[in-house]
Amino acid sequence: MSRSRSVGETHFFRQPSQFDHMVKVVGARLNRPNSPVRIWSAGCANGAEIYSAVLLLAQRHSLGRGRFTFTGSDFNAHAIEGARLGRFTSWHLRGCSERFREQYFRQADEGAWELNQDIAGQVSFFYHDLLDGAEVETQDVIFCRNVMIYMDPASMARVVDRLYQWLAPDGVLYLGYAEAVLAGDHPGLQLIDSSLAAYRRKTFELTTLPIPVLLPPIPLEPLRPNPIRPRMAGRSEALAFLEEAARFVDSNQPRQASRSLKKSLYLDPSLAVSHYQLGLLELGEQRVEQARRHWRNVITLARRQSPTDTVPGWDSCTWEQLLQWTERQLKRLGESDV
Ligand SMILES: C[S@@+](CC[C@H](N)C(=O)[O-])C[C@H]1O[C@@H](n2cnc3c(N)ncnc32)[C@H](O)[C@@H]1O
């Protein structure tokens with residue numbers, strides 16, 4: 001895996017339309033009770049990116065205790081030290097309006113500008129390598145812009161997948177414009193607007209899901225042969241239920257989605273996509289053991305297949321990918337031996 005080059009060029013309010021968008025995203029999330037809105041600049045260089053977010057939000061909201069967490073990280077220790085100091089040159093401030101400069105900075109020695117401590121003190125910085133670093137707490141908004149431009153495609157895909165893992169459901173990821181073209185096809189991320197290079201984490205990872213009607217509940221061990229099932233009614237009808245479930249998911253009707261998925265499994269117990277999705281839905285309802293059982297079924301099914309073949313019902317996904325995602329879900333539930 002190649003290392004990325006460390007190039008620290010950055011300035012305040014870079015790619016301003018993304019910041020405007022972020023302000024709206026954050027405003028909507030502030031309505032959640034008792035939960036801070038978490039904003040992370042991954043590959044933060046000297047901190048101009050995360051400080052820009054703080055400045056904009058400070059203009060509109062109180063930054064009072066517990067409302068936000070602001071974090072910046074970089075794998076360049078020098079950059080982190082500089083970011084903590086909160087000192088900038090006029091060049092870094094070129095995206096900053098006169099109003100912001102006067103309100104939040106003071107001119108220090110050697111032509112440097114020092115950020116007001118009330119703003120600088122909002123941000124925690126830490127050393128972190130996006131390729132190999134430790135797990136990071138879930139975030140509502142992640143900026144990872146102009147960080148992956150020198151990475152090879154495999155490294156870039158790894159970083160995007162890690163960012164995806166660290167994003168809250170419905171959370172938003174901002175990439176650099178150049179990176180979006182190469183990195184923007186992750187199945188769990190939905191492009192919000194190509195002109196923004198902004199992605200939302202899907203609540204469910206499938207785009208092709210099905211929905212239910214009024215069949216009897218499906219047993220949760222759908223791999224066990226059941227002679228009274230109309231086995232050969234089969235795959236195509238099961239896929240129709242899968243599509244139906246997808247529509248229910250899109251319209252935020254998880255219970256109906258769950259029923260459709262169970263119907264699809266009634267018709268075809270080997271439909272791994274349905275198991276995978278049901279696992280997500282069960283977990284959403286806090287039914288951890290049921291989620292586990294569905295995901296174990298996925299693992300059993302996936303291991304019987306050729307890794308590079310496409311998963312029925314999920315055209316953009318190979319068995320290998322599905323296996324990896326499912327193993328990851330089970331590990332998150334504390335299973336070590338998957
Ligand atoms: C060009 S700067 C971008 C700064 C800021 N994100 C922006 O867009 O204005 C790229 C930063 O990414 C950091 N970086 C590159 N690869 C990284 C990695 N694998 N993990 C963490 N940081 C990385 C570099 O050290 C550098 O500070």
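R101 touches S90, L93, C96 and W113, leaving aside residues up to four places away in sequence. A contact here means heavy atoms within 4.5 Å. R101 lies in helix α4 (residues 98-104). R101 counts as buried because its relative accessibility is 16%. Buried means under 20% relative accessible area, exposed means over 50%, and partly exposed falls in between (1.4 Å probe, protein chains only). W113 is 12 residues from R101 in sequence, and their C-alpha atoms are 8.7 Å apart in space.

The model is predicted: local features need pLDDT of at least 70, side-chain atom pairs count only at pLDDT 80 or more, and totals for chains, interfaces and linings use all residues. Residues are numbered from 1 along each chain as its sequence is written, and side-chain values use heavy atoms, with hydrogens and water left out.

**Confidence**

pLDDT is the predictor's confidence in each residue, from 0 to 100. The protein has a mean pLDDT of 83, with 87% of its residues at 70 or more. Over residues 1-7 the pLDDT stays under 50; the model has 20 contacts for them beyond four places in sequence. The pLDDT is also below 50 over residues 205-232, a stretch with 93 contacts in the model beyond near neighbours in sequence. Where pLDDT is low, the predicted coordinates should not be read in detail.

**Overall make-up**

The secondary structure comes to 12 helices and 12 strands. Helices (H or I, at least four residues) and strands (E, at least two) are DSSP runs, numbered from the N terminus. Of the 338 residues, 51% count as buried. Among contacts between residues at least 6 apart in sequence, 73% join residues at least 24 apart.

**The seven-stranded sheet**

An open sheet of 7 strands has the order β6-β2-β1-β7-β8-β10-β9, with mixed pairing. Its edge strands are β6 and β9 (189-193), each pairing on one side only. From one strand to the next, the twist averages 20 degrees. Two strands pair if DSSP finds at least two bridges between them.

Strand β2 (residues 68-74) is mostly covered, with 6 of its 7 residues buried. G72 of β2 is the bridge partner of S41. G72 also stands opposite F125 in β6. β1, helix α2 (residues 48-60) and β2 make a right-handed β-α-β unit. Right-handed means that, with the strands pointing away from the viewer, the path from the first strand over the helix to the second runs clockwise.

The hairpin of β9 and β10 has 4 residues between the strands, and A197 takes a positive phi near 50 degrees.

| Strand pair | Sense | Bridges |
|---|---|---|
| β1 and β2 | parallel | 6 bridges |
| β2 and β6 (residues 123-127) | parallel | 5 bridges |
| β9 and β10 | antiparallel | 4 bridges |
| β3 and β5 (residues 113-115) | antiparallel | 2 bridges |

**Helices across the sheet**

Helix α1 lies across β1, β2, β7 (139-144), β8 (167-175) and β9, at about 165 degrees to β8. Helix α6 (residues 153-165) lies across β1, β7, β8, β9 and β10 (198-201), at about 140 degrees to β8. Axes are lines fitted to C-alpha atoms, for helices over the stretch in contact, and angles run from 0 to 180 degrees between N-to-C directions.

How far apart are the end C-alpha atoms of α1 (residues 16-29)? They are 20 Å apart, which agrees with the 20 Å that its 14 residues should span at 1.5 Å a residue. The expected span is 1.5 Å times one less than the number of residues. Buried residues of α1 are Q18, F19, H21, M22, V23, V25, V26 and R29. An α-helix has 3.6 residues a turn, so residues three or four places apart point the same way.

**The three-stranded sheet**

A further open sheet has 3 strands in the order β3-β5-β4, with antiparallel pairing. Here the edge strands are β3 (87-88) and β4 (105-107), each pairing on one side only. R87 stands opposite E114 in β5.
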